[in-house]
Amino acid sequence: MTSEGVMAPAGDAVPRPKSAREAYRDLLPGLMLADDRLYCLDSDTGLFERDAFAAVPDRYLNLGIAEHNLMGTAAGLAASGKMPYVSTMATFATTRALEAVKIDVAYNELPVRIVATHGGLAAGHLGPTHHSLEDLAIMRVLPGFTVVVPGDARQAEEAVRQSVALPGPAYIRLGRSATPDLDGFVQPGAAAGVAGVRPFEIGKAQWLRHGGDVAFIACGPHPVLAALRAADRLAEHGVRAAVLNLHTLLPLDVDAIVTAAAGTAGVVTIEEHWRAGGLGGAVAETLAEHAPARVSRIGMPATFSERVGGQDELLSRYGITSDAALGAALNLIGAIDGGGTSDPDLSRV
C-alpha cells in the first residue's frame with residue numbers, strides 16, 4: 001500500500017517516482033534540440049542547469065525574478081515565429097504577470113507555453129504568498145488558452161510533448177514533489193472495476209474507474225489519488241463509483257463530464273484549488289447547462305492558510321482528502337430516496 005492507501009504495483013520494491021517538474025526539466029532540452037523554434041525562458045527557479053542546454057545555448061534565457069518581463073519577452077519571441085516555454089512558479093505566472101499574460105499573450109493568440117511549478121499547496125512551506133489556489137480559475141477564462149493539470153510525471157511529459165502541436169497559448173500546471181505514477185493504479189481487470197484506460201491526450205478526460213452510483217471528477221496528482229482511494233473503499237461495499245481524471249480544464253471534455261454524471265447520485269469534484277472558479281466550477285457550469293446534477297465540491301475553503309506547513313499536512317488540514325471525498329459521495333447517495341447501501345459497515349468506512 002502507498003501512503004495514499006491505494007494498492008501499489010506488484011513487486012518487492014517500488015522505485016521513487018520522478019516529480020512532474022523534474023520530468024519537464026529532463027525533457028525540454030531534447031525537445032529544443034529537435035525543434036529550433038523552441039526556447040526556454042527561466043525565472044531563476046533553480047530548476048534548470050545551463051549546462052543542460054549546451055547544444056542550444058542561445059535558446060536558454062534566464063531573465064531572473066521578473067515575471068512580467070518574462071511574459072513580455074515570451075510574447076515577443078512567439079510573435080517572431082518562436083515557441084517559448086516559460087518556467088516560473090504558478091502563483092507568479094498567474095497573478096504577478098497576469099496583465100502581460102492576458103494582453104501580450106492571450107489577446108494576440110501567441111504560442112507561448114507557460115509551464116508553472118508549485119501549483120496548489122505544493123509550496124506550503126513558503127506560506128500563502130507562494131500558494132497557488134486561484135490559477136485555474138484565472139487561466140481557464142482567458143480566451144484561446146489550453147489549460148492542463150497532469151496527474152503525474154509521465155502525464156507531465158506527455159502534456160509538454162503534445163503542447164508543441166497546439167495552436168495558441170497553453171498553461172501547464174505542475175507540482176513540486178514526486179507523486180506516484182497513476183499507471184500503477186489503473187490496471188485493467190482490477191477488483192474495483194477498472195476498464196481500459198486511454199492514453200493521456202490533451203482535451204480528453206481519462207476514465208480511471210467506471211461506476212454508475214456516484215462519480216468522482218478530479219485533477220492533479222493528490223486529488224486524483226484521493227478519488228481513486230475513495231472509489232476503492234466504496235467498491236468494497238458494493239458501491240460503484242466512477243473516477244474521471246479531468247486533466248484538461250480548457251478545452252473541457254463536456255461529453256465525459258455529462259457521461260460521468262448520468263444516472264448517478266451526483267458528482268464529487270476534488271481539486272487542489274479554492275472551491276470557487278476551478279475544476280468544481282467548470283464541472284458545475286457544464287452540468288447546469290447540459291445535464292443538471294448534484295455537485296459536491298472538495299477543495300480549499302475560502303480562506304488563506306493560517307499556517308506554514310508541508311503539502312500533505314495542509315491538504316489534510318483543509319480536507320482535500322480521500323476521507324472527505326468518501327463522505328461527500330455518501331452524502332450524495334444518501335440524499336436519494338431509497339438510495340445508499342444496506343451494508344451496515346459502510347458508515348464506518
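Contact, in this account, means heavy atoms within 4.5 Å. Axes are lines fitted to C-alpha atoms, for helices over the stretch in contact, and angles run from 0 to 180 degrees between N-to-C directions. The structure is a predicted model, in which local features need pLDDT of at least 70 and side-chain atom pairs count only at pLDDT 80 or more, while totals for chains, interfaces and linings use all residues. Residues are numbered from 1 along each chain as its sequence is written, and side-chain values use heavy atoms, with hydrogens and water left out.

Of the 349 residues of the chain, 53% count as buried. Here buried means under 20% relative accessible area, exposed means over 50%, and partly exposed lies in between, with a 1.4 Å probe and protein chains only. Among contacts between residues at least 6 apart in sequence, 74% join residues at least 24 apart.

The next subject is a sheet. Strands of a sheet pair through backbone hydrogen bonds, either parallel or antiparallel. Two strands are taken to pair if DSSP finds at least two bridges between them. Seven strands form an open sheet here, with mixed pairing, in the order β2-β1-β3-β4-β6-β5-β10. Because β2 and β10 (248-250) stand at the edges, each with a single partner strand, one side of each is left without a neighbour in the sheet. From one strand to the next, the twist averages 20°.

Individual pairings can be followed along this sheet. Strands β1 and β2 run parallel and are joined by three bridges; Asp42 stands opposite Asn62 in β2. Four bridges join β4 to β6, which also run parallel, and Ala116 stands opposite Arg173 in β6. Strand β5 (residues 146-148) pairs with β6 in the parallel sense over three bridges, and the bridge partner of Val148 in β6 is Ile172.

In a regular strand the side chains alternate between the two faces of the sheet. Strand β6 (residues 170-173) is covered on both faces: Ala170 and Ile172 on one side, and Tyr171 and Arg173 on the other, are all buried. Helix α2 (residues 67-79) lies across β1, β2, β3 (83-89) and β4 (113-117), running at about 170° to β3.

A nonpolar core is a set of buried Ala, Val, Leu, Ile, Met, Phe, Trp, Tyr and Cys residues joined through side-chain atoms within 4.5 Å. The largest such core has 45 residues, and those with the most contacts inside it are Phe145, Tyr171 and Ile217. Its largest share, six residues, comes from α2. A second, separate core of 34 residues includes Leu121, Val224, Ala230 and Ala328. Not counting residues up to four places away in sequence, Ile217 touches several residues, among them Leu244, Ile257, Val268 and Leu279.

Aromatic rings provide another view of the fold. Rings of Phe, Tyr and Trp (its six-membered ring) pair if their centres lie within 6.5 Å; planes under 30 degrees apart count as stacked, over 60 as edge-to-face and the rest as tilted. A search of the whole structure finds five aromatic pairs. One of them joins Tyr24 and Phe48 edge-to-face, at 5.6 Å centre to centre and 80° between the planes. Tyr24 lies in helix α1 (residues 20-34) and Phe48 in the loop between β1 (38-42) and β2 (60-62), so the pair ties together parts that are 24 residues apart in sequence. Tyr24 is buried, with a relative accessible area of 0%, and Phe48 is buried at 7%. Trp274 and Phe304 form an edge-to-face pair with 5.4 Å between centres and 90° between planes. Trp274 is buried, with a relative accessible area of 18%, whereas Phe304 is exposed at 55%. Tyr24, Phe48, Phe53 and Tyr60 form one aromatic cluster.

Finally, the loop between β10 and α8 (254-261) contains Pro251. At 45% relative accessibility, Pro251 counts as partly exposed. Pro251 and Val148 are 103 residues apart in sequence and 9.1 Å apart in space, C-alpha to C-alpha.

Note on methods
Helices (H or I, at least four residues) and strands (E, at least two) are DSSP runs, numbered from the N terminus.
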